[in-house]
Amino acid sequence: MSVKWTSVILLIQLSFYFSSGSCGKVLVWAAEYSHWMNMKTILEELVQRGHEVTVLASSFENFSMEDVKRWSELPKDTFWLYFSQMQEMMWMFGDIIRNFCKDMVSNKKLMKKLQESRFDVVFADPFFPCSELLAELFNIPLVYSLRFTPGYIFEKHCVGFIFPPSYVPVVMSELSDQMTFMERVKNMIYMLSFDFCFQMYDLKKWDQFYSEVLGRPTTLTETMGKADIWLIRNSWNFQFPHPLLPNVDFVGGLHCKPAKPLPKEMEEFVQSSGEHGVVVFSLGSMVTNMKAERANVIASALAQIPQKVR
């Protein structure tokens, strides 16, 4: 081979390594509440790096904060009451999301504008379905950001994740991986119950809706299963061991920011804690009031530890 051709080939190879790159266009199917807080961190970084981000959002007026509180306060003392109320909320939530999705895809002017924008990727939280339909319509990759779904139902039925119930406790079951025989039986019942709830998630309505829009028979689970990447908002060392797929990556802690100096009052509280340190107790942004009975139980438990509690 001549020196001239060798130089040309070398130049082409080097161009791949030293390419300045190009910015992409990201279409975001927005989530709500804590789901959005985690997605927002990724989107802010994308914008800082020069990417163009377009967010499709809804006001979610039909899903109030009271509904969110109800979700977090599902009764666990009665097994069937717990799952019946969860099923009812999943139906209501599914109807809200599906109606919003229908309104959007039937808006020809909006869909034409999105199509002409030539997005490179769709970014979404699978807890809020519809993004997978957009990815199919525009024939572009789909990236999910997910913490978990109740009972790992989406992860199992849409992606193919494996959670052996003999040693992997079902999420929200409050079991550990060190289970007795009866706890394993309980874990199995939880798994079957969540699977039943998923089958009752108005799947037929979703399947029919997606089939009508795409013009061919399909299902919600099949469409979700085509996602290219799953970003799990957790760390692998906080997970119970279970098989993983190659398109899964743990990104827990992305929302964490560098620590700032404590306010004077808090600093004095910490410094006065002695050798045992402090415990900061928070219920997040969704709980604004609590029954006195539950508050007393929490206060009684915290009073038994040696740390100072804030």
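Asp 95 comes out as partly exposed at 28% relative accessibility, where buried means under 20% relative accessible area, exposed means over 50%, and partly exposed covers what lies in between (1.4 Å probe, protein chains only). The model is a predicted one, in which local features need pLDDT of at least 70, side-chain atom pairs count only at pLDDT 80 or more, and totals for chains, interfaces and linings use all residues. Residues are numbered from 1 along each chain as its sequence is written, and side-chain values use heavy atoms, with hydrogens and water left out.

The partner of Asp 95 is Arg 98, and their side chains meet in a salt bridge at 2.4 Å, N to O; the term covers a side-chain nitrogen of Lys or Arg within 4 Å of a carboxyl oxygen of Asp or Glu. The two sit three residues apart in helix H4, so about one helical turn separates them. Helix H4 spans residues 79–105; helices (H or I, at least four residues) and strands (E, at least two) are DSSP runs, numbered from the N terminus. Leaving aside residues up to four places away in sequence, Arg 98 touches Asp 202, Lys 205, Trp 206 and Phe 209, with contact taken as heavy atoms within 4.5 Å.

Salt bridges number five in the structure. In another of them, the side chains of Glu 136 and Arg 216 meet at 2.5 Å, N to O. This pair ties together distant parts of the chain, with Glu 136 in helix H6 and Arg 216, 80 residues away, in the loop between helix H9 (203–214) and helix H10 (220–224). Glu 136 is partly exposed at 25% relative accessibility, and Arg 216 is partly exposed too, at 32%. Lys 226 joins Glu 136 and Arg 216 in a network of salt bridges. Arg 49 and Glu 45 also pair up, their closest N and O atoms being 2.9 Å apart. Here Arg 49 is exposed, with a relative accessible area of 59%, while Glu 45 is partly exposed at 35%.

Next, the helix packing. Two packed helices are described by the angle between their axes and the distance between the axes. For helix H5 (residues 108–117) and helix H6 (residues 131–138), the axes come within 11 Å and cross at roughly 65°; axes are lines fitted to C-alpha atoms, for helices over the stretch in contact, and angles run from 0 to 180 degrees between N-to-C directions. On the H5 side Met 111, Leu 114 and Gln 115 do the touching, and on the H6 side Leu 134, Leu 137 and Phe 138.

Two residues other than glycine have positive phi values: Arg 118, near 50°, and Cys 130, near 130°. Arg 118 is in the loop between H5 and strand E3 (121–124), whereas Cys 130 belongs to the loop between E3 and H6. Arg 118 is exposed at 67% relative accessibility, but Cys 130 is buried at 0%.

Finally, Trp 236 sits in the loop between strand E5 (229–232) and strand E6 (248–250) and is exposed, at 63% relative accessible area. Its C-alpha atom is separated by 8.4 Å from that of Gly 252, 16 residues apart along the chain. Phe 181, in helix H8 (residues 181–199), is likewise exposed, at 64%.
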